[in-house]
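Colleague: I would like to learn how to read aromatic pairs in a protein model. Could you walk me through some with me looking on?

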Amino acid sequence: MHPSDSFHDEEEEETEEAEPSVKAKRIRSEEEKEVVVYHPVKLSRNDLYRPPTAEELNQLKEAESLFHCSLLKMQMEELLKEVVLSEHRKQQIDSFIQTVTKLIQTVPKTPKVEVNDMSWLSGAVKVPFLLLPKTTKGKFCMAPPASVDLIGSYALGTCIKPHIRVDMAVTLPAEVLQPKDFLNQRYPRKRALYLAGLAQHLQSSSEVVTLRFSCLHGNRLRPILLLQNFVPSRFHPKRNNIRTEWYTGLKTSNPGKSSEPPTPHYNNSILGDLLPRSHLQFLSAVSSKCSAFADGVALLKVWLHQRQLDQGAGCFNGFLASMLLAYLLISHRISSTMTAYQLLRNSLNFIASTDLTVSGISLAKNPDPTAPSLADFHDAFQVVFVDPSGHLNMCADVTACTYKQLQHEASVSMHFWDDPSVDGFHCLLMTPKPMIRTSDHVFQLCDLVKLQSSCKKQNLLCELMDHSGDYIHTALPFILSLLQRGLGQRIHLLAHSLTPSPWSVESEAPKYKTQPPLSFGLLLNPEISAAVLERGPPADSSKVPEFRQLWGPRSELRRFQDGAITEAVLWEGKSMYQKRLVPKQIITHLLQLHADIPESSVRFVGALVDDVVKMGREVPSTGEEESLVVVQSYDDLSRKLWKLEGLPLSITAVQGAHPALRYTQVFPPEPLVLDHSFFDRDKISRSLVPKDVKPCPQYITPITVICHMEGSGKWPHDRLAIRHIRAAFHISLAELLKKDHNYTCRPCPTHLDVWKNGLAFRIQVAYHREPQVLRERVTAEGLLVVRDNEEAQALEMATIHKPLLTSMLHGLQQQHPCFGAVCRLAKRWLAAQLFSDEITEDAADLLVASLFLQPAPFTAPGSPQVGFLRFLHLLSSFDWRNNPLVVNLNNQLTAADYTEIKNDFMASRDSLPVMFLATPKDKKLSLWTRRAPSIQMLQRVMMVAAESLKVLECQLMDGSQMQDVRVVMRPPLEAYDVLIHLNPNQVPLLGQAVDPPAVTFNRGVVPNGAPQSGGPLPVIDYNPVTLYLMELREAFGDLALFFCDPYGGTVISVLWKPKTFVSAPFKTSQITARTVEVMGEEVKTIPNFGAILEDFRVLGKGLVKSVEAKTEKWAF
């Protein structure tokens, strides 16, 4: 039993620490005026340079051979120091244990009564057991226990922080038990009554603060108690100890014992109470032979806890971890001289390679003849791990799915353990892996009472008796098996979680239906998880009845193009957004068909966040189909550019340099058909221009294409001449495209706009030597000086780095179908929280790419939602100060490159960007974050990301949350000093807002029209909000920061810079937006806030609706 919750909470900071070995100062209070300084011990020259001892040599050799570096060894040692209990804490716990033991030993005796008579209990304490059926035979009385023993991890020395549990085994006195108590729940009821009596007695003591009932790993039959008088063979997994007649209350036609079904889980639950003392003795004996046993168990328990494998019903708990390590020791799979690191590694390797669902293992060396065989255990249980007695299956409650999850996690850990590019320690033992962040899709069964009808429909009465009426655990194996069959190759893993909550001793035992929802997690196989066709066996196959039985009326006979006639199931799904939800259709269909669980009881949270980037009028989409249309149109334009004839120089490369061409544009441009009546015509160019009286027209995105021309001696070496040549190429390209393909083109000095199939492409001619020419300058003395400058950097970024990044990320999208959708969600969040100017689109795409290229300790995201959650976790938890984020595109970086990047980063940290992103082509500079974010803005991003992650995960897993998931996309505007509200009709991207308005405006687009090339060219890249922001920053950028959501935001948030409120000496050159203030003989200037706010209105005339000044926040 757990005597108190005092040790269930996280442990406080240690009050005792070791004396420091380096120089330290301790300064007393000012009244004492005394300073004590500790100096290191001075060593002689011989001591300083003496040869290392044998022990030191062994430690150095171990660090070299077992760890990547000595740092990992030190990290392991420090972790063990953190999780092991201090001596001070142990003394507190020991004192409390003695107090509780004395209290338990003085429990008063009561007269014997019928088990069903609970009048001796006060009304304040309830019995922690569901009495179904209501009555059973037997006598009961309270009496002092036969013994009170300390058992479990605390007694063994393997108890770890932060969740400290102390296990005490109370042995029932002989007068409480009777020989037939193993039948019909008599023993579990007496145990529950005895616990209630103990709770009533402990409650009267002031030493015990709180008392709550709980159950061992979710098993309602198993509060920890010891008993005597029962023979282990009585609990063989093939024997029956619950009579059908008693359980159902109905007379049976054949009352003989041979007709009774076995009750292995019930038997195992009772048998488990016979053996805790012997288990403790066994583990103590094993641990005494291995000095690192306790540390090895501690590391394994930390590993399990971070993956939530030690929580809830049927978990792989710390006791099983200790027993597993003991098994490896006594079977000589590991040596008693191994370190804790080696014990952990070998344990995970054993788990990953050993399937206990097929080949169970046993700790029993010489079991007695009545003990069951491994085959007997496998017939009764899904996972088999037999204890030293040979009678108890310690994994009886562990499902096959849970063990497969354990194997999967061990396999993933072993995969990245030796990868030098991964921080193995952090991924292995420090990164939490909750289900919502680990599984690609998560769904919950909310109305658990529906599982009663599932048991009835599947005729699970025998199994229900075995679980003493717990219909949740009875139906769970059947549901898992059903989902495994239905989902098949679509998933790599099916996980589940049910964590019952403790309850007050003054409350009735909670009914099964009141438990938290039963959660399931799917790890998808991205290659086929979204397939809409489930192809079955041929029409003449013997497997057809089985296929039809599984799928019911959804199964149809179909003929395919290859001539085959087979059974098949077709699911709904036109867009990728819909196809990602095919697993949901399968799950709801199977549960309704076979388990009588309606769709209303299934809460599927696998794609709730996707709605914020949803587009498409008729078929909902998250941008994949729209991006494909853009890419196909670009590919066609690229082929036509290659085939152009008549150019002075040939084209050497055509490269896309726009997020839409790598599937990561938040809202990809859609082909448009323009309503010409909505526009005016320019008198000279006959182009379409917006009318003043109309709402702002639809924003037309220019899709950037870089067209590299061949190098030649004809290219000049003067920067101005090169620009003229490029402009001439733009004119030539426009003429040829118009002549050959009838495209409407508008050449400009810097680019060429092409209107093709309702999309606008912006072609920029590039000359590979132009950045170098921009860096060259001839001095007055005739010397050639090469110096880097912003103009050259910007040109190099636009014509070299961005096209290369687009090409690489396009390839990543082909490997991981949900990469683009994760980028869209991530960038939508950044924009909604007003961070899109701090973390640019390219930087955000690289951050997301790192989640796919180096997903450890996870696997690569298989759905947009889980990728977005990991993006928020990466932003909020990565140590940007001390580590570069390496994005190994195309797997081009070697282990030596990683070391070089890390060393260069540490050597030049102060001069590098605060968010450092390294790629194979950019190891030293972090080009994508060179200008932003600042330290302050990165801290803000991290804080908001952490809070968003917390809120979103809580909403996704807690069905009672009433808020919309879009709450994480709504920025806290109360933090800003001025809010500039915009007219919605002048915001061209209003429909892309997080909360789009119910009223829409005509933007000059013909809905559902067929886009064509040719015709008048509209104004491209016209967004009044963006232009207004540029003017504000140019005019007032030294006084304030301006933020706005570029996707339909109707508010510009203004934050004054701290120096704004500081008065400055009068200077005629710095009088803009300031007013003069004369103080005696001193003349100073201060900001004229009234004039500034008026300028905000004047600059935005027609666009600005109102200016809201929050003057109470201004710090004058």
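Colleague: Let me start with Phe819: is Phe819 buried or exposed?

Modeller: In this predicted model, Phe819 has a relative accessible area of 0%. Buried means under 20%, so Phe819 counts as buried. Phe852 is buried too, with a relative accessible area of 4%.

Colleague: And how is a pair of aromatic rings described?

Modeller: By two things: the distance of the centres and the angle of the planes. With this rule, the model has 23 aromatic pairs. Take Tyr327 and Phe385: their centres are 6.3 Å apart, with 80 degrees between the planes, and the pair is edge-to-face.

Colleague: Where in the chain do Tyr327 and Phe385 lie?

Modeller: Tyr327 belongs to helix α11 (residues 318-330) and Phe385 to strand β9 (residues 385-386). Tyr327 and Phe385 are both buried.

Colleague: What angle do the planes of Phe819 and Phe852 make?

Modeller: Their planes are at 85 degrees and the ring centres 5.5 Å apart. Planes over 60 degrees apart count as edge-to-face, so this pair is edge-to-face.

Colleague: Which residues do ring pairs link into a cluster?

Modeller: Tyr327, Phe350 and Phe385.

Colleague: What sits over the ring of Phe560?

Modeller: The charged end of Arg535, 4.2 Å from the ring centre.

How values were computed:
Residues numbered from 1 in each chain as written. Predicted model: local features only at pLDDT ≥ 70, side-chain atom pairs only at ≥ 80, totals over all residues. Heavy atoms only, no water. Phe/Tyr/Trp six-rings, centres within 6.5 Å; stacked < 30°, edge-to-face > 60°. Helix = DSSP H or I, 4+ residues; strand = E, 2+ residues; numbered from the N terminus. Buried < 20%, exposed > 50% of the residue type's maximum accessible area, 1.4 Å probe, protein only. Lys NZ or Arg CZ within 6 Å of the ring centre and 35° of its normal.
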